[in-house]
Amino acid sequence: MGILRSLTLLLIALASVLSLPATAQDEDPGEQLLFNLAEAPASKVEEAINAIVSSGDERARGWIEAYGNNRLSRIKDTGQVVLVLNNRGRDWEIANPLTGENMGDMSRRELDRVAINNRIRGQLEGILAMLDLNAADPDVREASAQDMMGKVDASLVAPLEARLEQEGSARVRNRIEEALAIYRVGEGNLEAIDVLAGSLHPRARAALNEAVRGDNPALATKAKQALGTIEQKLKLNRAAETLYFGLSLGSVLVLAAIGLAITFGVMGVINMAHGELIMLGAYTTWGMQQLFPGQPGLALILSIPTGFMVAATAGIIIERSVIQYLKGRPLETLLATFGISLILQQLVRTVISPQNRTVVTPEWMSGSLVINDALSLTLNRLYVLAFALVVFATLMLIMRKTRLGLEVRAVTQNRNMARSMGIRATRVDIMTFALGSGVAGLAGVALSQLTNVGPNLGQNYIIDSFMVVVFGGVGNLWGTLIAGLSLGTINQLLEPWAGAVLAKIIVLVFIILFIQKRPKGLFPQKGRAAEG
Amino acid sequence: MAISQNWLLRPFQERSTQIFLGVLFAALVVVTFLHLFMPQDSALHVSAYTVTLLGKYLCYALLAVAVDLVWGYLGILSLGHGAFFALGGYAMGMYLMRQIGDRGTYGDPILPDFMVFLNWDELPWYWLGFDMAWFAFIMVLLAPGILALVFGFLAFRSRVTGVYLSIITQALTFALMLAFFRNEMGFGGNNGLTDFRDILGFNLRTDATRLGLFIATGIALAIGYVICRAIVTSKLGRVSIACRDAEARTRFLGYRVERVQLFVFVVSAMLAGVAGALYVPQVGIINPSEFSPLFSIEIVVWVALGGRATLYGAVIGAILVNYAKTVFTGVMPDAWLFALGGLFVLVTVFLPKGIAGLLQKRRKAKTDDDTPTGQEATA
Amino acid sequence: MTIKKHVKIGLSALALSVSLNAMADEHPIKVGILHSLSGTMAISETVLKDTVEMLIEQQNAKGGVLGRELEAVVVDPASDWPLFAEKARELLAQEKVDVIFGNWTSVSRKSVLPVVEELNGLLFYPVQYEGEESSENVFYTGAAPNQQAIPAVNYLMNEIGVERWVLAGTDYVYPRTTNKILETYLMDMGVAKEDIMINYTPFGHSDWQNIVSDIKRFGSAGKKTAVVSTINGDANVPFYRELGNQGIAASDIPVVAFSVGEQELSGIDTGPLVGHLAAWNYFMSVDSDANYDFIDQWIEHTGNDEAVTNDPMEAHYIGFNMYIEAVKKAGTTDVDAVKDAIIGVTVPNLTGGYAAMMPNHHITKPVLIGEIQDNGQFSVVWETPSTVAGDAWSDYLPGSRDLIADWRKPMSCGTFNTKTGSCGASAGEMAAADE
Amino acid sequence: MSMLEQLTHRDRVFDFLAPVASPVDVRHGPILYMEGVNVSFDGFKAINNLNLTVDDGELRCIIGPNGAGKTTMMDIITGKTRPDTGSVWFGSRHNLLTKNEPDIASLGIGRKFQKPTVFEALTVFENLELAMATDKRILPTLTAIMKPEYRDRIDEVLQTIGLQKLRDKLAGILSHGQKQWLEIGMLLMQKPRLLLVDEPVAGMTEQEMERTAELLTSLAGKQSVVVVEHDMGFVRSIARQVTVLHQGSVLAEGTMDQVSNDPEVIKVYLGEEE
């Protein structure tokens, strides 16, 4: 890691350079530096980078980042090194790395990428991290310090310690200390182990493991103890993690099933096209993101109402065109809707594309919520979980508190009686089906953040959805919620020791046996109406 | 009514059965003739390809009859009959696999290729005996039969009905699919069983064998049809209809509904198994996708399309849909799903009693006969 | 509809008329295309159908072969394996096609194989696969394990210094075989058993939380860890998403995938995946004029500026040209003549080199390692110095170790046992080989 | 052929399927005996410490306002509903609480539902055929043949219920009243010792009612009959013994005049009716 040796210089250099304004020279040294980097064979790349970093040029950081992101290219005939601003499509937009002025588009045939690979990229991260150690924002400093963990070598100890002196934030100090400790453990320093004993960070554990394997007995034994205490803490975290996994999978199941719980559970329509309604919701999200390029977040928010509307409209069309003619023939609805699902799938294939579509995850939904180094909850799933609960709550309100809900329940319990009381049953049917379909659309919007958006999206969820609804008890929303969450959790609890496939099988068998015990699901409908 | 008292002979006095058998055997004879005695180039010649295709349709037809027996007459909508079909298929597949002997790529006399290259050192116990035709053929009946017996016993005893039953049958086949996908199961995982060589000593890759299989399937269908017909025309058949329409009433008459259901269900499962067994050597592969719930739903669609509770309707439906499939995938590959899907929708909306319903209307118009077809009832 | 397209149509029409005049009586060469256009595999296979159609169009524009037109016969096996066999039979027996380009999954190939052999047809199979097969009637233009997996592992070991391995795959024969080969290979290279973690998931697996966190844990043991992924198509998107969200960066635990190409990436937001790897024999980003031309033609053909190319498409490109060359060489489309003629045929590939058809019906390919970039493309970071010849029978599997395939006369054998010097292994050698 | 016959008549093997039928013992005591029976559906007490005895050959009418537990009582006797507590005996030998519907039916308890339930997809004739007291196990049923005496028996019953003209029509097309009779006819086919008849004359015309009355009274003596009915006129016309149920327990018992003069009864029931 010779690169880092140069960092010491760099740190000093930066201080000076940043202070005085960049003086424009006719003979730009940067040009030569970049040229060397571009020319350098794999073995010489490090030197070239060293040169750039230690040059103290304030553009160095930009160049290194560009290089790290494959954005440095050369024009084949002139050999000039350029910055690639946009590398999509056949023509790339380039700029001059020295002056930053835009050089317009150029066919990628004309360009030659300055090669980089993971090892170099790793080192670049180290450098950038080191640079960030001076950032004003403590979070950035902490992040960079964390990056340093495991990357420290002799040359870095001094600057880091220096940094530690002036560092104000406790969090950052801890990180730096851990980073140093990892290095020192490597050097056989016993005290350092105590520092790491508290840390749950994987790199800390890595260092300790290495120590255990190492040939220094004293160190090994001490490291073992440290690992022991860490393992204890990890167990708890792991349990919490599994629970979270379970709930998150459960929430997905609930979302997928809840719409069905209405169309199938309440209306008795065995809607095999339910999965495709979910798919429509997902595609809507994609569509919105096409409408608002560059604002995935906004698009996602907007696609919640639109997704609902699209799916609901589709639902209304299905209800009017097919299902209304199949009153009181639930099994026929199964067949007809099966046909519809085939049509919808192929429709998407021909109209849009048989390929999956890219749905971008907005910034605020990617990454994870860090509880501690060992336990972090993935954000997208966290949002989906919350979303599922909100949707469920809203549905409950609609069913319990609104006129519509009342009418729906009336019609489902005794159609003719409801009719005679002046409830427009057909209208209620339409509304109910639209509601169920709309919710399916919402599920699609959520799923677009977790899985493929493609023509087969629906098929992957339809069966699970039916399982959940039936397991929970047809016609009972609470049942669906409980069923979804519990099935999800069971599945995730089983997975670690049974493996993904077996876990799913066991869950299915469990459902089958459970239905033996309770032929009408978890929460059966009560009373004479349910008989027969 | 001069109807024979013997339940097995009764069907033969029915006009519908006579017509059905007549048509079926005529078809068998004609196809055989056109295949054997028409010159290759003549327009009338029926190629080996077509023969196998027809053979496949007949397998599906038998499967559909099995489903109609439970759905039409017992009111049990099974969304898992593909499972029994596939089990029968695997039983046959395992036999065919063992017949390959040392002609496999690795030339291992005992182990099938897929076991060799996944390093199984010996045959798993459940593969034993499948080198003997008689054993395999018994298993073709037993494997689905026993599964249906156990599953049915549990389900019917605890009076799981309607949609719930349908969904757990679906769960059953889905679970089996996942299980058979696992390579540890020792059934070849996703690749399933394939590259068969010969059956009962006949080379599977000759047209003669294909014709033989086709005829065998035809006969199997005939027998299966007669058995079902015999059941539904017997008193037991009427009891099944009774269970379908008024389960409680039937109980109070002293019939053990769950046993009636179990009996018919198992018979149907076995028929499905036979269909699967005949299907495998003709299409040349069996793999877990036969367990897929969607396939099982499709079977139901065939029956609905042909017309529930008529048996011959099921046959018509199965053949029609699959013929349509063959044609569409050929002529309009990009859009055949539209056609198929549209077909399902239109039929369910405009032909609630399926094609058989049409025929009956016409017959009713002519002679007002009262053969009980309880399609009004929904399971 | 661009002006160019009109012109092109005009040209091909012209060419057509010319060729028709040339040999009025000659009926066209029928090219069967056996790719799923519906069902689960449509995602991957439809583009291959389009590719072949494009190649045929171009060939016809050049005036066909032997003065004969080429005509595409497209059928849809609908991702239904038995249907593949049936459709193959239809193509060969009914349509009487001269050659078939088709199949993606191993199971579909296995189901078609007996039919093609029985009716003595020609099948070009464009997808990387598990090897362990060599049929007289099939030409494998995709990579065998030794043309993808092994070089990739070497790269990780030598360039990245990986010591700890996760072999994650979908539970079917390709990943199983590949992982078995890799396991043996890694052991031979002195990797300890506890440093190898093998994990299988079902098709279309969508909930990766547990597995990814296992990988994370496995990776925190102090040795450089990498994931070798043979995860199939659909399951990849949720997998990579989970990786990204659980913060597994390429610099910590790189993932090298064998089934993830541009086509799959087009369904993923690659932002968080930059630096993860894939091993193929072709990347859309490859810097060669042949490739750039191909891409231009493809974009033109599809009329979609975003359209991407991928490795199986190149395989079809190679296979198609090989077939054309072979037909020219043989001067006929007679199957047996073409089979003999095609061995040794060499055509340019899209990476600036040449591909030759080997006697074992596999072809020579360069192996490229690419890093995922934020634009959904791969950037090549490593490349085998020369092309590698496909190996039908892996050297790392007991039983196939001693087998070779050579379809040149007089040997013409797919399973020649070098120990016994006889065609087709027999029980005795099996036992021996198992030691 | 005879071979085939043989083959298909091999049902004796399945003896283990046979129901445990032994004659009903009424030498000492009533044919139906219910004591301290309690049932509640999630909280609501449908039957509340009910005690009821019916003597052999008796014709008993049971009246009571809606929700008095009449139907639930029948459910208990026929094994459809299991009581929480209490004992129900058929004769002095059979504890009905240990048996399921088919067993109870084959012991000789027939039931007619409140809402007439016949097999609409079958003909009138077939409905009666299924009801006939025969071996009801699977294989016997499968191989069952229509013996002349069976046919005579069915025709005889058709006579009694006056549906001979509709013999071969689907039961689905029958009028409400005709369905009622068909169902009663099915009971007769069962040759039960005890008939439970739930609202037999609902939706019947005057003369239909009279005929039903005759029918039921004619049955009494040979068989025991329990009639649940709302129609006071009808009850008066047939009743010897009347039991009044109220809120799941017996409110009054005696002749029609006795109960109809019982102030309690008038308050809770007749009061509401008129």
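Guide: Two residues are in contact if their C-beta atoms, placed from the backbone, lie within 7 Å. In chain A, among contacts between residues at least 6 apart in sequence, 67% join residues at least 24 apart. This is a predicted model, in which local features need pLDDT of at least 70 and side-chain atom pairs count only at pLDDT 80 or more, while totals for chains, interfaces and linings use all residues. Residues are numbered from 1 along each chain as its sequence is written, and chains are lettered from A and ligands numbered from 1 in the order in which they are written.

Visitor: How many of the 532 residues in chain A are buried?

Guide: A residue is buried if 20 or more other C-beta atoms lie within 10 Å of its own, exposed if 12 or fewer, and partly exposed in between. Buried residues make up 51% of chain A.

Visitor: Which residues touch the most other members of the largest nonpolar core?

Guide: In soluble globular proteins, nonpolar side chains tend to be buried together. A nonpolar core is a set of buried Ala, Val, Leu, Ile, Met, Phe, Trp, Tyr and Cys residues joined through C-beta atoms within 7 Å. Here the largest has 442 residues, and B:L63, B:A64 and B:V65 touch the most other members. A second, separate core of 55 residues includes A:A66, A:V84, A:I94 and A:A181.

Visitor: What does B:V65 contact beyond its neighbours within four places in sequence?

Guide: The partners of B:V65 include B:G224, B:Y225, B:C228 and B:L271, and also B:L311, B:A314 and B:V315.

Visitor: How many residues does the contact take from chain D and from chain B?

Guide: The contact takes 31 residues from chain D and 29 residues from chain B.
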